[in-house]
Amino acid sequence: MSAPGQNQQPTEGQPNGEPQGNEPVGQQQAEPDWKAEARKWEARAKENHQKLKEAEPIVSQWKALEEASKTELQRAQEELTRWQTDAQSWRTKAVSSQVEKIAAADFTDPSDALSAIDPGKYLGAGGEIDEQGIRAALAEVLERKPHWRKTDAPATPRVPAPNPAQGSGVDGRAANDPAQQFAALIQQQLNR
């Protein structure tokens, strides 16, 4: 006779011969390979995290040395690039604001106009805003999308029409007389 767990055929309820968990401890297999692999990667991640913490002071020291080794020309070029980027952003905002201002006269929602055209196209080389170009572009947008046009007639409030069938009276008639209202209230209480 063979030892338990050896040379046995899989039984019903045990696919591929794997133990179900209610077998004696000696017959259970080692943990699946994926669990061991997961533990290995978890250990590596913890180790890498620790190494990263240890390297932070070295990295900050490297950055300080790198900054100190820059020439005055490199620092000036970086500052110039930053200022140019900021200036371009301010110009674009100025043109966008001008587009919305011009569009407010003809558009129901001026932000629609801003989404329909590119503000960068209407900024000259010297920084001047091409208002005539903006007006022409907005006119083209309104031709393509007439539903964005502001209506000339102001909205008039709807005048409510009285409905005599509504009200607190009997048979659809309104009881305007306080005495009638009081009598109706007494009658309702007596009918309860």
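Reader: Are Phe-107 and Trp-148 buried or exposed?

Author: This is a predicted model, in which local features need pLDDT of at least 70, side-chain atom pairs count only at pLDDT 80 or more, and totals for chains, interfaces and linings use all residues. Residues are numbered from 1 along each chain as its sequence is written, and side-chain values use heavy atoms, with hydrogens and water left out. Buried means under 20% relative accessible area, exposed over 50%, and partly exposed in between (1.4 Å probe, protein chains only). By this definition, both Phe-107 and Trp-148 are buried.

Reader: What kind of aromatic pair do Phe-107 and Trp-148 form?

Author: Rings of Phe, Tyr and Trp (its six-membered ring) pair if their centres lie within 6.5 Å; planes under 30 degrees apart count as stacked, over 60 as edge-to-face and the rest as tilted. By this rule the count comes to two aromatic pairs. For Phe-107 and Trp-148, the centres are 6.4 Å apart with 50° between the planes, and the pair is tilted.

Reader: What kind of pair do Trp-83 and Trp-90 form?

Author: Trp-83 is partly exposed, with a relative accessible area of 43%. Its ring centre is 6.4 Å from that of Trp-90 and the planes stand at 65°, so the pair is edge-to-face.

Reader: Which residue lies over the face of Trp-148?

Author: A charge sits over a ring if NZ of Lys or CZ of Arg is within 6 Å of the ring centre and within 35 degrees of the ring normal. At 5.1 Å from the ring centre of Trp-148, the residue over its face is Lys-145.
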